[in-house]
Amino acid sequence: MPADVAPVSQFIVRHPEWRSARRPAGLRVLRGAVAGLAVAALAACAAPDIRVAAPTRAAAAPVALPPVKVFTASRPQPPQRSNADIARDFLDLHFRLEGGSTLPQFTRFETPITLRVTGTPAPGFNRDLTALLTRLQTEAGIPVRRVSGGAANITIQSVSRAEIRRALPKAACFVVPNVASLSEYRRNRRSPRTNWSLLRSRGKLAVFIPNDVSPQEVRDCLHEELAQAIGPLNDLYRLPDSIFNDDNIHAVLTGFDMLILRATYAPELRTGMSRAEVAARLPAVLARLNPGGARTASQRLPETPRAWIAAYEQALGPQASLRDRLRAANTAAAIARDLGWQDHRRALSHYTLGRMLHVREPELALQHFLTAQTYLQGLPGTRMHQAKLAVQLAAYEIAAGNGGAALARLTPAAAAAAQHENAALLSTLLMLQAEALDLQGRVVEARRVRLDSLGWARYGFGPDWAVEARLEEIAALRPSGS
């Protein structure tokens, strides 16, 4: 595949944990099996790995699953960083591609955007697409309108995961310029017309979405790929509060992302501008759109070096042996330490080591998880990082019979997961809460919370077997006889 032909993202295990591999802009790639779940079938589901070395009890009894739960209102947090830092992010997002190449000019749609849907959409697809288009119109001020037939600027084609894999073996969903169907992409896959680095204007793009995965996976694809179709193509590890980030923390567009998209379509900018021309206009644009950012002090994070990215990718890539992956994870942690990082990327380095060690060396893994926590506490924009880390730490507490300590971690984490609309993570946190409540003898509360978790799990994990397997895996954390 030519460099930067298609922005890539990743999704099957995308939401409740840090992403395992970097993606070139615009295409979501499947992750290899890393730190397997206690239930092997869950390796393909959107679930954090929570297994620890602990006694187990009997599997949870079969349950009748309630209806699917969905989020009905978005509550994005406004950006917490300075406009000076956001301007730098905007430029790097728009004028770089993840493969290393740079773009000579700014691009966006210069007319009201039309969008059509083809193929066979998954159940719930239209609801989630309508909600996303409403957010783009109201929060980002982007004139995007769905049409029922004929040509459109953006075509979203819903096809099977197998069809996407045949087009791009490592992709789960992706966006491509200058085509309108998967068959057209196959014919032009190696053509200059589908090469993002050669893009000079936006008129026609296609987004390919699977229709046979969990509802949350479909929605997450919609958010990230449609955002890249209309906005920036790059992703940056240094962003703690954005979907435009390879760490895969955020499932839906954040307040920062909506500001970036709103600025992308500001009247002061236009297609064809150079980086210098955009940079000259950005301060006024951001002052108008985000006045609070003008009063916030800059906390400029350093660039993410290729050495750290390469080590991190190898640590979580499926091709290397466990020994090589562990060596790479230690290299990434050492680079973060030597660079003096004090941000979410250093936490990511330790979290990755914890995930790799938690089966073979659980006590050492716990130390890495606790170290990651020290770098996240108090950092703006890291509530979701901390929520996902809470899954790991609470699992240790439950395995040790410490229900109260587990609840102290889980309650704020569940609130963060709900605000950020991550049903897979929310359901996992609620299942853990139920186990912690059981440990305290609060059986009625535990039953209510567990039932609540199942509706979210059906949205986050999809099929009933995946929900039930997740429930049994978490039930197995509790010590025998408790």
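The chat below goes through a predicted model of one protein chain.

Biologist: What does the secondary structure of the protein chain come to?

Modeller: There are 16 helices and seven strands in the protein chain. Keep in mind that this is a predicted model.

Biologist: How much of the chain is buried?

Modeller: Of the 482 residues, 59% are buried. The chain exposes about 17700 Å², and carbon and sulfur atoms supply 54% of that area.

Biologist: And the contacts in the chain, what share comes from residues 24 or more positions apart?

Modeller: Those residues account for 74% of the contacts with a separation of 6 or more.

Biologist: What is the lining of the largest cavity like by class?

Modeller: It has seven nonpolar, 10 polar and five charged residues.

Biologist: You listed His250. Where does His250 lie?

Modeller: His250 is in the loop between helix 5 (215–230) and helix 6. Its side chain reaches the backbone oxygen of Pro240 at 3.1 Å.

Biologist: Why does His250 count as buried?

Modeller: Because its relative accessible area is 5%, and buried means under 20%.

Biologist: OK, pockets. How much space lies in the second largest pocket?

Modeller: About 320 Å³. The second largest pocket is lined by 18 residues, and those nearest its centre are Arg96, Leu236, Thr304, Arg306 and Ile309.

Biologist: And the classes in the lining of the second largest pocket, what are they?

Modeller: Eight charged residues, five polar and five nonpolar.

Biologist: Switching to Arg202. Where is Arg202 found, and is it buried or exposed?

Modeller: Arg202 sits in the loop between helix 4 (182–187) and strand 7 (205–210). Its relative accessible area is 8%, so Arg202 is buried.

Biologist: What does the side chain of Arg202 reach?

Modeller: The backbone oxygen of Ala229, at 2.8 Å. The side chain of Arg202 also makes a polar contact of 3.0 Å with the side chain of Thr107.

Biologist: Which residues does Arg202 touch, not counting those up to four places away in sequence?

Modeller: Thr107, Arg108, Phe109, Gln228, Ala229, Ile230, Gly231 and Leu233. There is also a C-alpha distance to Glu110, which is 92 residues apart from Arg202 along the chain: 7.9 Å.

Biologist: Then Thr107. Where is the place of Thr107?

Modeller: Thr107 is in the loop between helix 1 (83–95) and strand 3 (113–119). At 5% relative accessibility, Thr107 counts as buried.

Biologist: What is Thr107 in contact with, leaving aside neighbours within four places in sequence?

Modeller: His94, Leu199, Arg200, Ser201, Arg202 and Thr271.

Biologist: Let's do a strand residue. Where is the place of Val159?

Modeller: Val159 is in strand 5, residues 154–159. Val159 is buried, with a relative accessible area of 4%.

Biologist: Last topic, backbone angles. What is phi of Asn178?

Modeller: Near 65 degrees, a positive value in a residue other than glycine. Most residues other than glycine have a negative phi.

Biologist: Where is Asn178 found?

Modeller: In the loop between strand 6 (171–177) and helix 4. Asn178 is partly exposed, with a relative accessible area of 25%.

Biologist: And what about phi of Glu421?

Modeller: Glu421 is not a glycine either, and its phi is positive, about 60 degrees. Glu421 is found in the loop between helix 13 (403–419) and helix 14 (423–439).

Biologist: Is Glu421 buried or exposed?

Modeller: Buried, with a relative accessible area of 9%.

Notes
Residues are numbered from 1 along each chain as its sequence is written. This is a predicted model: local features need pLDDT of at least 70, side-chain atom pairs count only at pLDDT 80 or more; totals for chains, interfaces and linings use all residues. Side-chain values use heavy atoms; hydrogens and water are left out. On a 1 Å grid over the protein atoms alone, a cavity is a set of points where a 1.4 Å probe fits but cannot get out, and a pocket is an open set with protein on both sides within 12 Å along at least five of seven lines; lining residues have an atom within 4 Å of a point. Grid points are joined across faces, edges and corners, and a volume is the space filled by probe spheres set on the points. Ala, Val, Leu, Ile, Met, Phe, Trp, Tyr, Cys and Pro count as nonpolar, Asp, Glu, Lys and Arg as charged, and the others, Gly among them, as polar. Helices (H or I, at least four residues) and strands (E, at least two) are DSSP runs, numbered from the N terminus. Buried means under 20% relative accessible area, exposed over 50%, partly exposed in between (1.4 Å probe, protein chains only). Contact means heavy atoms within 4.5 Å. Accessible areas come from the Shrake-Rupley method with a 1.4 Å probe; for residues, only the protein chains shown count as cover. A polar contact is a pair of N or O atoms within 3.5 Å; within protein, one must be able to donate a hydrogen and the other to accept it, and residues adjacent in sequence count only if both atoms are side-chain atoms.
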